Amino acid sequence: MRPVTTLLVLTNLPDRPTAEALARELVEARLAACVNILAPCHSVYRWQGSIETADEVPMLIKTSSERYLALEAAIRRRHPYELPEVIALPIREGLPEYLAWVADETHPVD
């Protein structure tokens, strides 16, 4: 069994109501301990050969490595984009009590 790592998962949604609905679903399902919904940003990207722009709402999702695949599946299921940004970064250091809280809050209830 591999050790549990705390992850910071990044994604962007098209608007605040969609972000709030997804955040609530992830926390209720214990796929995330906490989700920060940030201020809207303006994104510039290449999509299908064209330069595109969009106003988006970034989300910072704290979860455990053992819940990542289920979290990713939930984001893909609910995300309105054809190809959502889902990037997971391992947290190497942090307040031990906070990291333990993330692990506890994302542990499935039996």
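A residue is called buried when its relative accessible area is under 20%, exposed when that area is over 50%, and partly exposed in between, as judged with a 1.4 Å probe on protein chains only. By that scale Arg16, with a relative accessible area of 41%, is partly exposed, and Glu20, at 41% relative accessibility, counts as partly exposed too. The structure is a predicted model, in which local features need a pLDDT of at least 70 and side-chain atom pairs count only at pLDDT 80 or more, while totals for chains, interfaces and linings use all residues. Residues are numbered from 1 along each chain as its sequence is written, and side-chain values use heavy atoms, with hydrogens and water left out.

Arg16 and Glu20 both belong to helix α1, which covers residues 16–28; helices (H or I, at least four residues) and strands (E, at least two) are DSSP runs, numbered from the N terminus.

Just after the helix, Arg30 takes a positive phi of about 65°.

Side chains of opposite charge can pair when their charged atoms come close. A salt bridge is counted when a side-chain nitrogen of Lys or Arg is within 4 Å of a carboxyl oxygen of Asp or Glu, and by this rule there are 3 salt bridges. In one of them, Arg16 pairs with Glu20, with the closest N and O atoms 2.9 Å apart; the two residues are 4 residues apart, about one turn of the helix. Glu28 and Arg24, both exposed, form another, with a closest N to O distance of 4.0 Å, and they too are 4 residues apart in α1, or about one helical turn.

Arg78 and Glu25 meet in a salt bridge at 3.2 Å, N to O. Since Arg78 lies in helix α2 (residues 68–78) and Glu25 in helix α1, the pair ties together parts that are 53 residues apart in sequence. Arg78 is partly exposed, with a relative accessible area of 38%, and Glu25, at 25%, counts as partly exposed.
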